[in-house]
Amino acid sequence: MNRLAIAIVGAGPRSLNLIERLSFRLKQEPNLPAITVHLIDPGLAGAGVHSPDQSRLLLTNTLASQVTSFSGIDPKNPKSAPSGPSFTEWAKAAGYRRLGSRYDKAGPDEGEPIGDLDYLPRAMLGEYLHFSFQRIVMEAPACLKIIEHRQLAVDVTTQPDEVVLEDGTRLPFDGLIIATGHCETAASPEDLRRQTFVEAGRAGNAKLAYIPSVYPTSKLSQIEPGAVVALQGLGLTAYDVMTELTVGRGGVFEGDARNLRYRPSGREPKVLLFSRQSLPYDARGVNQKGVDGGHVARFLTAEAVEAIRQRRERETGDRRLDFIQDIMPLLRKDMAFGYRCSKLQREIDPGSFEPTVEENAIIDRIFDPRHLLDAEDLESFRDRVVAHLRSDLAEALKGNVSSPFKAATDTIRDLRAGLSTAIEFSGLLPQSHRYVAETFIALTNRITFGPPLIRNAELLALIDAGIVDWAGGPGARAELPQQGGRFVIDTPFVADSARVQADALVIARVTGHRPAQDVRSLSRRMIANGLARAFRNGDYEPYGLDVDRRLRLIQPDGSLNPRAWAVGYVVEGPRFHTHALPRPGRASTQLNDAMLLIDDLLATLWPKPRLSPETQHAPALESLT
Ligand SMILES: Cc1cc2nc3c(=O)[nH]c(=O)nc-3n(C[C@H](O)[C@H](O)[C@H](O)COP(=O)(O)OP(=O)(O)OC[C@H]3O[C@@H](n4cnc5c(N)ncnc54)[C@H](O)[C@@H]3O)c2cc1C
């Protein structure tokens with residue numbers, strides 16, 4: 001064999017890391033064979049879910065200065081000089097500037113230069129990722145050939161090993177990497193019931209609409225001005241929806257985050273919010289830790305988790321952990337430590353640190369805000385959450401070092417190594433894994449991984465302008481009444497249940513990769529062909545394809561697929577928090593995964609001369625997003 005063929009399905013950010021690593025390996029090892037990479041994706045190479053064609057109003061929730069596609073020149077040393085620019089450095093070099101609240105290419109006298117604290121549009125992120133792809137390809141050695149196939153892969157066969165594309169083309173491969181990221185799920189029975197309700201009621205109410213997934217957000221144009229929209233889900237996707245339905249309809253924000261007002265265009269609908277708990281997301285504190293700075297885990301470390309695992313094994317014969325019993329006390333202690341350091345504005349000795357009763361009560365309140373959830377009725381719930389939004393915004397403006405609350409919640413961004421060691425590869429008992437996937441992740445998304453603070457200032461301005469309000473409280477559910485052509489949002493409050501009507505129901509949620517529900521056939525076909533299986537932890541099936549620690553796909557009979565690997569969001573399930581983009585100057589799970597996978601693939605497909613893989617699977621050290 002004198003040329004290896006590697007098929008990569010999915011050309012998102014993860015495939016960039018793979019190609020960069022492959023290129024590095026080929027430059028480093030002259031004895032390796034020439035390689036052809038077949039890069040298969042209908043979208044623009046590198047961009048993945050971040051299409052440059054999406055609305056420019058939608059922002060990343062990661063500081064652009066903390067995003068890069070490039071590893072250090074020395075991949076083993078993240079502090080070594082980077083092999084390419086960060087997102088911010090690229091944006092500046094490409095001529096982008098801040099023009100009020102917009103970002104566009106402009107002359108040096110217009111607007112202001114982009115700085116380290118800017119959150120840039122996701123459309124620009126797509127441009128940056130595609131630039132990164134072009135640069136990585138340009139710098140690749142001659143023996144690495146990359147062929148783009150702008151199509152969907154629909155099947156994978158064995159004997160012969162081939163990827164089948166939607167136009168029927170069959171691409172033979174020696175090695176296959178699945179990096180298909182996010183998936184669009186097929187309509188559920190509930191979706192179908194709601195669609196039928198809308199079709200039946202349209203004649204009586206032309207504003208009736210059901211939108212089960214919001215991307216691309218251009219589909220929100222079907223919502224009529226003046227319609228009442230119930231928006232289910234208060235996470236980052238909800239902010240995209242609110243932005244599109246307000247500024248996207250010609251409204252204007254005036255002032256700054258401390259005092260923002262909204263001037264409506266008159267073309268907005270009324271937006272009413274609800275979710276499982278109906279709690280808003282907390283804003284990210286102004287970053288005071290620099291581009292590569294962060295909290296150093298003191299208690300929830302990979303070593304501490306491993307020690308608990310060993311103790312459990314000695315005591316019970318089972319290495320698996322109980323998240324609430326084993327991990328939460330460490331996480332809470334790191335949060336309390338962050339809180340105290342911020343309060344005292346100095347470092348303290350972790351060796352003698354114990355949280356006080358008061359500090360524990362503060363952490364309890366952050367995790368379980370009974371003071372908000374126990375409201376008697378919708379009006380008092382709404383007043384409480386709006387007051388919370390205002391005080392949280394004030395804390396966010398102080399910054400993630402100066403505000404003890406923000407310092408406490410921000411620690412979670414940097415506890416990834418410990419969390420990964422606990423959670424990944426069925427490290428938790430199944431019921432504990434369910435708690436993490438269905439409750440804990442949503443909780444930390446709300447308190448730590450929320451929107452840039454300007455988004456919550458905008459939310460408050462929209463509430464003040466009467467454009468946004470709450471549809472329900474804790475336990476709110478959307479109902480389809482027998483009579484009457486409007487959705488009803490029902491909340492069982494203690495005093496009285498609230499029933500609020502809406503013309504349109506919009507679901508603002510991003511789902512995990514569930515092979516059985518993916519509208520695309522690839523994962524399902526691979527499972528049917530015996531090449532892969534959905535991940536399960538005991539009787540719990542969260543999401544994602546199953547892989548081992550070297551990212552090899554595991555087949556339905558439990559054996560390792562000899563030729564196929566998977567990486568990125570498609571393996572969120574056996575892995576944890578696969579979606580963060582790499583950060584300059586920090587060790588990164590994504591770059592580490594790319595090294596691990598490429599080294600294993602080369603060592604498997606080209607065993608002579610023996611390669612010495614540089615990387616072992618190690619939980620990432622970088623922050624989340
Ligand atoms: C709305 C949204 C906003 C986000 N914002 C941020 C953010 O601000 N900051 C951040 O750090 N992360 C963000 N993320 C997280 C995101 O997961 C990562 O940024 C990153 O895109 C993950 O990379 P990936 O390569 O694993 O997957 P993806 O980006 O999903 O890329 C997968 C690619 O696979 C292709 N594909 C899928 N199936 C097939 C097939 N059968 N054949 C061929 N190609 C296929 C898709 O077309 C896509 O291009 C966001 C995610 C979403 C959904």
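Buried means under 20% relative accessible area, exposed means over 50%, and partly exposed lies in between (1.4 Å probe, protein chains only). The model is predicted: local features need pLDDT of at least 70, side-chain atom pairs count only at pLDDT 80 or more, and totals for chains, interfaces and linings use all residues. Residues are numbered from 1 along each chain as its sequence is written, and side-chain values use heavy atoms, without hydrogens and water.

**Exercise 1.** Decide whether His149 is buried or exposed.

Step 1. Locate His149: strand S5 (residues 144-149) holds this residue. Strands (E, at least two residues) and helices (H or I, at least four) are DSSP runs, numbered from the N terminus.
Step 2. Read its relative accessible area: 15%.
Step 3. Apply the cut-off: His149 is therefore buried, at under 20%.
Step 4. List the contacts (heavy atoms within 4.5 Å). Not counting residues up to four places away in sequence, His149 touches His38, Leu39, Ile40, Asp41, Leu165 and Leu171.

**Exercise 2.** Describe how helices H6 and H7 are arranged.

Step 1. Take the axes, which are lines fitted to C-alpha atoms over the stretch in contact, with angles from 0 to 180 degrees between N-to-C directions. The axes of H6 (residues 302-316) and H7 (residues 323-344) come within 11 Å and cross at roughly 155°.
Step 2. Classify the angle: H6 and H7 are therefore roughly antiparallel, a label for angles over 145 degrees.
Step 3. Name the residues in contact. H6 gives Ala304, Val305, Ile308, Arg311 and Arg312, while H7 gives Gln325, Asp326, Ile327 and Leu330.

**Exercise 3.** Find the largest nonpolar core.

Step 1. Define the core: buried Ala, Val, Leu, Ile, Met, Phe, Trp, Tyr and Cys residues joined through side-chain atoms within 4.5 Å.
Step 2. Helix H16 (residues 589-605) gives the most, with 7 residues.

Methods. Angles under 35 degrees count as roughly parallel, over 145 as roughly antiparallel, 65 to 115 as roughly perpendicular and the rest as oblique.
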